[in-house]
Amino acid sequence: MDPNCLFCKIISGHIPCKKIYEDEDVFAFWDIAPQAPKHFLVIPRKHIAGPAALGSDDEQLIGKMMRVGARLARENGIGDGFRVVFNNGAEAGQSVFHIHMHILGGRPMHWPPG
Ligand code: AMP
């Protein structure tokens, strides 16, 4: 845990959130500023700054995040159409430097994403 990290504080309960799911590896909660009718985040308990900071030890963890995210999408009514986003770096729009998988759905998604 990084004591200065917003998402570490959410995992530890020091900052409240609308939790969807947690287990020994991952944690999921609704985004505070949703960009779609359904928008939640899946994060690992382990503090990793972002996709570019992943190590080979983390490969299984990222796979689990995807599998849990898809299951939660299904359970929340967007299993047939959802977008998965990882932002890496401020230039790409990353604002919280604890890796997180956005899952968005409930409206048509367009491409290119902008
Ligand atoms: P990113 O811009 O990819 O780093 O995504 C960070 C996301 O975290 C944004 O979509 C924010 O709306 C969301 N966020 C920031 N603070 C909170 C919070 N306290 N609870 C839930 N979501 C948050």
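Okay, ground rules. Residues are numbered from 1 along each chain as its sequence is written, and side-chain values use heavy atoms, with hydrogens and water left out. Since we're looking at a prediction, local features need pLDDT of at least 70 and side-chain atom pairs count only at pLDDT 80 or more, while totals for chains, interfaces and linings use all residues.

How many residues surround the ligand? There are 16, and the closest are Asp-31, Asn-87, Gly-93, Ser-95 and His-102; to be in that shell, a residue needs a heavy atom within 4 Å of the molecule. By type, the shell has nine nonpolar residues, six polar and one charged. In that count, Ala, Val, Leu, Ile, Met, Phe, Trp, Tyr, Cys and Pro go down as nonpolar, Asp, Glu, Lys and Arg as charged, and the others, Gly among them, as polar.

Which element gives the largest share of the shell? That's H1, with three residues. Helix H1 (6–12) and strand S2 (26–30) each supply at least two. Helices here are DSSP runs of H or I with at least four residues, strands are E runs of at least two, and both are numbered from the N terminus.

Now the atom pairs. A polar side-chain atom of Asp-31 is 2.5 Å from a ligand oxygen. On the backbone side, a polar atom of Ile-32 lies 3.1 Å from a ligand nitrogen, and one of Ser-95 lies 2.6 Å from a ligand oxygen. The ligand taken alone exposes 500 Å², and the protein buries 84% of that (Shrake-Rupley areas, 1.4 Å probe).

Is His-98 buried or exposed? Buried, because its relative accessibility is 0%; the cut-offs are under 20% for buried, over 50% for exposed and partly exposed in between, with a 1.4 Å probe and protein chains only. The His-98 side chain also makes a polar contact with the side chain of His-47, at 3.2 Å. That term means a pair of N or O atoms within 3.5 Å; within protein, one must be able to donate a hydrogen and the other to accept it, and sequence neighbours count only if both are side-chain atoms.

Over in helix H2 (residues 59–75) we have Val-68, which counts as buried because its relative accessibility is 2%.

Last one: the peptide bond from Trp-111 to Pro-112 is cis, with omega near 5°. Pro-112 is in the segment after S5. For context, most peptide bonds are trans.
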